[in-house]
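Thanks for making time this morning.

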Amino acid sequence: MADTGGLPAGSALAGQARGGTPRAALAELLAGNRRFVSGQPVHGHDVTAAAATASGDQQPYAVVLGCIDSRVPLEAIFDQTFGAICVIRTGAHVLDRAVLGSIEYVVEVLGVPLVMVLGHERCGAVQATVDALCTGRRPQGQLAHLVDRIAPAVAEVGVDDPHVLPAAIRRHVARTVATLRADPRLVPPITAGRVAVAGALYDLATGEVALLDPPAR
């Protein structure tokens, strides 16, 4: 039994119990995206499916960390029904303690074998960061926290790069993936091959998800 760090272990390793591996989980997500792009989804978000799922313990096989952008509904773009994936959304998938704790929970207690970080093209939070660095004007309120967390990716690309926005979006995905792979609670299951962290990008125009930073084989 995996160490749950003192958390309730009611459905620990449920994701693994479904026969899931990091590779199988990633293949299922991408297969769902292909169904979505082709206009042939198999899962409908209706109350019947919700009621059926509520009757038992949840057994998700993946957790997807994405952006709050309203054009990127994660269950829909991966054609997943109730109970299949855990979803976390923040501006430009910025990590904080609550997000990290949530990911650790679903890995340790629910046993999901896959963590996906999903960025998307034309991300407004990354654009706001580019604008802030170009003008030297830091935004007010908690938006400044998002900008501060995204700024290293923009700086690594360089604000003078003519393709700074798309390049910074991709770099920010890679940095988020690297942070998760280095998380002390995630390192042991990653090293053992029970869990993988993958980075990907969503195309707003086509609906396609492309891997940017696939898990190591």
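This is a predicted model: local features need pLDDT of at least 70, side-chain atom pairs count only at pLDDT 80 or more; totals for chains, interfaces and linings use all residues.

Residues are numbered from 1 along each chain as its sequence is written, and side-chain values use heavy atoms, with hydrogens and water left out.

The names H and S refer to DSSP runs numbered from the N terminus, helices being H or I runs of at least four residues and strands being E runs of at least two. On that basis the chain has 9 helices and 5 strands, and along the sequence they follow the pattern α-α-α-β-α-β-α-β-α-α-α-α-β-β. Of the 217 residues, 45% count as buried, where buried means under 20% relative accessible area, exposed means over 50%, and partly exposed lies in between, with a 1.4 Å probe and protein chains only. Among contacts between residues at least 6 apart in sequence, 71% join residues at least 24 apart, a contact being heavy atoms within 4.5 Å.

Now back to the first pair. Two packed helices are described by the angle between their axes and the distance between the axes. H6, residues 124-135, packs with H8 at about 115°, with the axes 10 Å apart; these axes are lines fitted to C-alpha atoms, for helices over the stretch in contact, and the angles run from 0 to 180 degrees between N-to-C directions. From H6, Val-126, Gln-127 and Val-130 meet Val-164, Leu-165, Ala-168 and Ile-169 of H8. By class, that contact has 6 nonpolar, 1 polar and no charged residues, counting Ala, Val, Leu, Ile, Met, Phe, Trp, Tyr, Cys and Pro as nonpolar, Asp, Glu, Lys and Arg as charged, and the others, Gly among them, as polar.

How does H6 stand to H7? Their axes come within 9 Å and cross at roughly 75°, which makes H6 roughly perpendicular to H7; angles of 65 to 115 degrees count as roughly perpendicular, those under 35 as roughly parallel, those over 145 as roughly antiparallel, and the rest as oblique. The residues in this contact include Val-126, Thr-129 and Val-130 of H6, and Ile-150 and Val-154 of H7. By class, it has 12 nonpolar, 1 polar and no charged residues.

The remaining pair is H7, residues 143-157, with H8, residues 164-181, packed at about 125° with axes 8 Å apart, and that makes H7 oblique to H8. Here the contact has 8 nonpolar, 1 polar and 4 charged residues. H7 passes H8 in a right-handed crossing, and among the residues that meet are Arg-149, Ile-150 and Glu-156 of H7, with Arg-171 and Arg-175 of H8.

The C-alpha atoms of Asp-160 and Val-130 are 9.9 Å apart, although 30 residues separate them along the chain.

Let me turn to H2, residues 22-37, whose 16 residues should span 22 Å at 1.5 Å a residue, and whose end C-alpha atoms are 23 Å apart, which agrees; the expected span is 1.5 Å times one less than the number of residues. Buried residues of H2 include Leu-26, Leu-29, Leu-30 and Asn-33, and their cover includes strands S1, S2, S3, S4 and S5 as well as helix H4. After H2 comes Gly-39, with a positive phi near 75°.

H5, residues 97-108, is covered in part by H8: what covers its buried residues includes S1, S2, S3, H8 and H9, and among those buried residues are Ile-103, Glu-104 and Glu-108.

Finally, two loop residues deserve a glance. Asp-79, in the loop between H4 and S2, has a positive phi near 50° without being a glycine, and at 2% relative accessibility Asp-79 counts as buried. Arg-122, in the loop between S3 and H6, is not a glycine either, and has a positive phi of about 55°.

Conventions. A crossing is left-handed if the near helix is turned anticlockwise from the far one by less than a right angle, and right-handed if clockwise.
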